[in-house]
Amino acid sequence: MSFIDTDIHERVSYEQLLPYLEQPWRRYITDCHWMQEKHMPYTQPAVAGVDRADARLPDGRPAGSDLGFMQEQLLDSNGHEYGILTGALDPSPSSMHGWYEMATALASAYNDWQIEHWLEKDSRLYGSVHIAAQDPAAAVQEIERVGDHPKMVQILLPIDDILWGDPFYHPIYEAAEKHQLMIGMHHNEPPIYYGKWPRYFIEWHTLIPTSHMNQVTNMIFSGVFEKFPRLKLMMIEGGFTYVPFLMRKMDQQYTDLRHEVPWVKRMPSDTIREHLCFTTQPLEELKKWELMQIIEQMGSDQIISFSTDYPHWDYDSPERALPPRLDEDLKRKLFSENARQFYPKLHKGGRTDG
Amino acid sequence: MDKVVAHTDDLAPGEMMEAEFDGRSVVICRASDGDFHAFTNLCPHQGAPLSKGKLCGAPEPTDEIGTYNYKNEGNILRCPWHGREFNIKDSGRMLANERQKLREYKLSVEELSVADGNIILYK
């Protein structure tokens with residue numbers, strides 16, 4: 001069965017970005033030891049930090065940093081038809097709390113590195129445009145610069161402490177529509193307290209869907225999908241089992257409080273079914289009847305798309321993560337057709353013609 | 001059937017290795033007391049290769065919030081993917097859910113000399 005993996009994390013080192021940076025940006029890394037600071041209080045959870053222990057390279061380089069190893073361990077062994085790269089969110093230009101000039105330079109360098117070392121080296125791999133969204137004009141320039149690359153399928157926005165529905169960011173969505181790019185959102189910083197940290201990592205990982213719910217709610221009630229009718233949103237790495245609740249809750253609120261957001265003209269659940277898709281990972285262990293019940297409550301089997309999250313510790317196996325004995329038609333949708341429908345550029349197989 | 005899968009001096013206490021038995025991948029673990037244990041090399045969750053994980057210890061359950069008592073060094077097998085913990089001295093039982101166990105293989109050590117011997121798996 002063909003398989004489109006909607007969340008693969010390739011990793012860059014700052015050193016690898018140097019050839020793609022002009023001065024003075026380069027010297028801030030070489031001379032001033034620039035790196036994007038995080039405030040992680042805990043070691044990340046599993047045997048090898050944030051990564052699968054068996055995904056670290058034999059020579060010690062971090063997981064996700066070598067195409068050959070990724071091909072062997074992931075793409076070839078699972079028979080991937082396509083894989084969509086989402087970066088390691090380090091650096092994460094849209095999460096920088098200032099110095100947007102540096103963030104913009106890093107985003108451009110990252111995109112050039114991604115195109116040269118991944119997208120143009122393996123026909124199966126597709127990419128995400130990295131931008132510094134805090135400066136929408138500069139972000140639009142970057143989308144104009146690389147957005148027409150035939151293998152760039154989405155613009156990546158991290159789930160951090162910004163809600164992306166605000167009209168301030170709408171120029172980015174306008175540029176996305178123009179270049180047939182979708183929006184991909186991936187959580188980055190801790191999902192609770194927005195900008196603060198839970199006491200334990202286990203809280204963070206449990207509550208990832210809540211940060212996704214914030215974004216979906218904000219985007220829909222901000223009228224993003226009314227204003228940009230061809231725009232679609234892939235919610236990456238939050239799972240999908242929360243979606244039936246959110247649909248029902250939003251529809252109820254809309255029924256009662258529509259007057260506050262008169263630019264919203266459809267039931268939120270309809271907008272979700274038409275404009276959103278949700279990657280599967282990290283999956284809870286579900287029985288078949290439980291999965292089917294969730295899909296029934298979503299009112300669609302076309303808005304879920306399988307993802308592995310390779311090479312991270314909470315990787316989901318395409319063979320083992322979903323319950324066994326699913327109907328072939330459903331498996332085809334989950335493993336490839338839904339992603340193929342979602343990303344129009346996948347239809348073209350990376351070709352620029354036609 | 002029985003088969004020699006490793007030698008005792010292949011592993012120090014707290015180490016593990018992959019081996020093949022009956023056409024399947026198994027993981028041979030040497031516990032901190034020097035004893036050997038063998039399990040299927042597939043995590044029952046999603047099939048990760050356990051031999052790529054870690055033999056370590058684990059904090060035992062505590063009644064005090066914020067208290068960590070790290071015990072069992074070398075006896076807890078943690079999966080290389082999702083980090084699930086299995087106690088090799090307790091039939092491969094999972095720490096978080098005692099209803100789940102790894103499949104354990106019968107094993108014996110045939111002494112060849114004072115220094116080393118053959119580790120034999122039985123079915």
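This note goes through the predicted model of chain A and chain B point by point.

1. Basis of the note. The model is predicted, so local features need pLDDT of at least 70 and side-chain atom pairs count only at pLDDT 80 or more, while totals for chains, interfaces and linings use all residues. Residues are numbered from 1 along each chain as its sequence is written, chains are lettered from A and ligands numbered from 1 in the order in which they are written, and side-chain values use heavy atoms, with hydrogens and water left out.

2. Extent of the interface. Chain A contributes 17 residues to the contact and chain B contributes 18 residues, where contact means heavy atoms within 4.5 Å. The two chains bury about 1300 Å² between them, and 48% of this lies on carbon and sulfur atoms. Buried area is here the accessible area (1.4 Å probe) that two parts lose on being put together, summed over both.

3. The rule finds 1 salt bridge between chain A and chain B, a salt bridge being a side-chain nitrogen of Lys or Arg within 4 Å of a carboxyl oxygen of Asp or Glu. The partners are R84(B) and E285(A), whose closest N and O atoms are 3.0 Å apart. On the side of chain A that touches chain B, the residues divide into 8 nonpolar, 1 polar and 8 charged. In this division Ala, Val, Leu, Ile, Met, Phe, Trp, Tyr, Cys and Pro count as nonpolar, Asp, Glu, Lys and Arg as charged, and the others, Gly among them, as polar. A polar contact is a pair of N or O atoms within 3.5 Å; within protein, one must be able to donate a hydrogen and the other to accept it, and residues adjacent in sequence count only if both atoms are side-chain atoms.

4. S317(A) at the chain boundary. S317(A) is found in the loop between strand 8 and helix 13 (328-342) of chain A; helices (H or I, at least four residues) and strands (E, at least two) are DSSP runs, numbered from the N terminus. With a relative accessible area of 6%, S317(A) is buried. The scale is as follows: buried means under 20% relative accessible area, exposed over 50%, and partly exposed in between (1.4 Å probe, protein chains only). Leaving out residues up to four places away in sequence, S317(A) touches F306(A), Q46(B) and W81(B). A polar atom of the S317(A) side chain lies 3.1 Å from the backbone nitrogen of R320(A).

5. Y68(B) and its partners. Y68(B) lies in the loop between strand 5 (54-60) and strand 6 (69-78) of chain B, and is exposed at 59% relative accessible area. Neighbours within four places in sequence aside, Y68(B) is in contact with Y200(A) and P59(B).

6. The sheet of chain A. Chain A holds an open sheet of 8 strands in the order 1-2-3-4-5-6-7-8, with parallel pairing. Its edge strands are strand 1 (3-8) and strand 8 (304-305), each of which pairs on one side only. Two strands pair if DSSP finds at least two bridges between them. Strand 1 and strand 2 of chain A pair over 4 bridges, with I4(A) opposite Y82(A). Strand 2 is joined to strand 3 of chain A by 2 bridges, and I84(A) stands opposite Y126(A). In strand 2 of chain A, 5 of the 6 residues are buried. Strand 5 (residues 182-187) and strand 6 (residues 233-236) of chain A pair over 4 bridges, with M185(A) opposite M235(A).

7. H130(A). H130(A) is found in strand 3 (residues 125-130) of chain A and counts as buried at 5% relative accessibility. Beyond four places in sequence, its contacts include T86(A), Y110(A), E142(A) and L156(A).

8. Backbone geometry to inspect. The peptide bond from Q281(A) to P282(A) is cis, and so is the bond from Y310(A) to P311(A). P282(A) lies in the loop between strand 7 (276-279) and helix 12 (288-298) of chain A, whereas P311(A) is in the loop between strand 8 and helix 13. W99(A) has a positive phi, near 50 degrees, and is partly exposed at 36%. Phi of S91(B) is also positive, near 60 degrees, and S91(B) is partly exposed at 26%.
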